[in-house]
Amino acid sequence: MLLGLVSTGAAVVAGAAASTWRQWSGDRGTRDVVAATGRTVETTLRVEGMRFVPDTVQVQAGDRLVITLDNTSDQVHDLVLDTGATTGRVSAGGSARLEVGLVTGPLQGWCSIAGHRAQGMVMQVVVGAAASGTDAPADHEDHGAQVSPTVDLQAPLPEGFAPYEAALVPSSHDSVHRVTFTVTEVEQAYVGAGVYQTRWTYNGTAPGPILRGKVGDTFEVTLVNGGTMSHSIDFHAGIVSPDKPMRSIGPGESLVYTFTAQHSGIWLYHCSTAPMSLHLASGMYGAVIIDPDGLAEVDREYLLIQAETYLGLDSGQQEEQTATSTAMTDKIAAKTPDLVCFNGVAFQYALAPLQARAGERIRLWVLDAGPSLPTSFHVVGLQFDTVFAEGTYLLGGPQEIGRAWHGGSQALALQPAQGGFVEAVVPAAGHYAMVTHVFADMDKGAKGILEAV
């Protein structure tokens with residue numbers, strides 16, 4: 001099918017039909033002699049979901065091509081051709097005109113926003129004959145001489161590194177919580193095992209800020225997009241229509257997301273901009289803790305959010321034998337993480353243990369952020385006498401479930417986006433390993449130490 005409109009106006013160069021053009025072929029890198037036809041083909045691409053529509057443009061060799069990208073979606077996109085020509089970033093509702101020039105052979109184009117190409121945002125320019133359709137190629141950009149980063153499971157923490165603060169403070173007495181989350185895209189963020197990665201974050205950290213309150217509290221979150229692409233946020237702690245508060249916003253835009261907590265538990269929040277798995281794996285997640293009524297006091301509370309880290313190709317910058325990386329969609333789709341972490345950095349609490357004292361009662365809140373793998377949380381040397389998961393007590397609590405038969409628990413099993421807490425009394429001084437009992441993931445970094453004195 002012919003998907004371009006031929007223009008015979010001023011865009012046609014007078015006398016071009018009689019001239020001969022010699023130009024590099026866009027896809028083969030060989031010199032082709034092409035006679036200019038004198039025609040200019042103009043076409044407009046729209047965006048529907050994660051697709052260019054149409055996804056095929058037919059021209060004849062020697063035609064000049066002009067493509068207009070109308071970004072009819074709700075997030076930022078662009079169009080990049082394999083010649084290197086690009087529209088640049090186009091905001092939602094905007095448009096851009098790309099002068100492709102003389103076409104000497106078939107071309108491919110795609111959206112270069114991370115993950116969008118793998119989601120199907122590809123198109124092709126066909127010369128001579130109509131194509132039967134476009135298959136989405138794998139998200140393998142041309143990374144030149146870049147190489148995969150080297151993971152060192154024995155690497156120490158970098159000098160000056162400050163672990164993510166796992167200790168929790170009690171909920172305030174405020175019934176309204178007003179906060180601002182600013183999206184930032186942080187380069188050279190340490191993710192463990194000697195590896196640095198570009199991270200997309202809320203307020204500069206992955207996980208983002210931890211919110212805490214009680215049933216009936218209202219949370220008013222202002223989301224500001226300080227990044228270079230579209231982002232959003234989805235609070236599982238709220239019961240709201242997703243259409244407006246969870247919409248994607250472009251760079252420089254903001255929205256206000258308001259919800260009232262109706263149920264207790266530990267709730268995931270994350271970016272819901274497609275592809276969600278990539279945005280979450282790149283660091284855009286966090287937790288909202290809503291205390292159950294009558295939550296007992298304990299000596300210490302910690303929060304551990306398990307998440308997966310998928311390493312892409314090295315940026316080429318090697319400083320002090322560290323590696324830098326961006327998340328890669330093919331590994332995310334295969335669910336084959338390079339690292340698995342507690343609170344954003346693999347092994348950080350194994351190298352900088354959390355603290356306790358013998359005889360103290362500790363509460364460990366645990367959340368599985370995913371994006372795809374489950375966890376089975378276990379502490380070596382302890383048994384849990386209180387277990388709260390997905391809104392209900394399995395052991396202990398106000399009704400002292402299990403006390404009559406001396407019940408205990410060895411692990412808290414969670415699927416992605418599930419959470420809860422466990423409690424235990426530390427019996428003596430020592431080093432208690434906190435791990436996922438999915439041991440392959442423990443070996444990749446989902447482990448820490450509770451050091452009791």
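Hi everyone, let's start with Arg361, which at 22% relative accessibility counts as partly exposed. Before I go on, please keep in mind that this is a predicted model.

So, what does Arg361 form a salt bridge with? The partner is Glu423, and the closest N and O atoms of the pair are 3.0 Å apart. The two residues come from distant parts of the chain: Arg361 belongs to strand E24 (residues 361-370), Glu423 belongs to strand E29 (residues 419-425), and 62 residues separate them. Glu423 counts as buried, at 6% relative accessibility, while Arg361 is partly exposed. Salt bridges with shared partners tie Arg212, Asp291, Glu301, Arg361, Arg363, Asp385 and Glu423 together in one network.

How many salt bridges does the structure hold? The count is 15. As a reminder, side chains of opposite charge can pair when their charged atoms come close.

Let me show you two others. Glu42 and Arg97 meet through their side chains in a salt bridge, at 3.6 Å from N to O. This pair, too, links distant parts of the chain, with Glu42 in strand E4 (residues 40-48) and Arg97 in strand E9 (residues 95-102), 55 residues apart. Glu42 is partly exposed at 24% relative accessibility, and Arg97 is partly exposed with a relative accessible area of 47%.

Then we have Lys214 and Asp217, a salt bridge whose closest N and O atoms are 3.1 Å apart. Is Asp217 buried or exposed? Asp217 has a relative accessible area of 1%, so this residue is buried, the cut-off being under 20%. Lys214, at 34%, is partly exposed.

On to a sheet. Four strands make up an open sheet, in the order E14-E19-E18-E16, with mixed pairing. Which strands stand at the edges? They are E14 (211-214) and E16 (234-235); each has a single partner strand, so one side of each has no neighbour in the sheet. Further in, strand E18 (residues 265-270) and strand E19 (residues 285-291) run antiparallel and are joined by six bridges. If you'd like one spot to look at, find Tyr269, whose bridge partner in E19 is Gly286.

Now for two buried residues. Asn225 sits in strand E15 (residues 218-225) and is buried, with a relative accessible area of 2%. The Asn225 side chain reaches the backbone nitrogen of Gly227 at 2.9 Å. Setting aside neighbours within four places in sequence, Asn225 has contacts that include Val183, Ser230, His231 and Ile249.

The other one is Gln348, in helix H3 (residues 348-351). At 0% relative accessibility, Gln348 counts as buried. What does the Gln348 side chain reach at 2.9 Å? That is the backbone oxygen of Asn343. The Gln348 side chain also reaches the backbone nitrogen of Tyr164, at 3.1 Å. Not counting residues up to four places away in sequence, Gln348 touches several residues, among them Leu157, Phe161, Pro163 and Phe342. And here is one more pair to look up: Gln348 and Ile449 are 101 residues apart in sequence, with their C-alpha atoms 9.3 Å apart in space.

Methods. Residues numbered from 1 in each chain as written. Predicted model: local features only at pLDDT ≥ 70, side-chain atom pairs only at ≥ 80, totals over all residues. Heavy atoms only, no water. Salt bridge = Lys/Arg side-chain N within 4 Å of Asp/Glu carboxyl O. Buried < 20%, exposed > 50% of the residue type's maximum accessible area, 1.4 Å probe, protein only. Polar contact = N/O pair within 3.5 Å; in protein donor to acceptor, adjacent residues only side chain to side chain. Contact = heavy atoms within 4.5 Å. Pairing = 2+ DSSP bridges.
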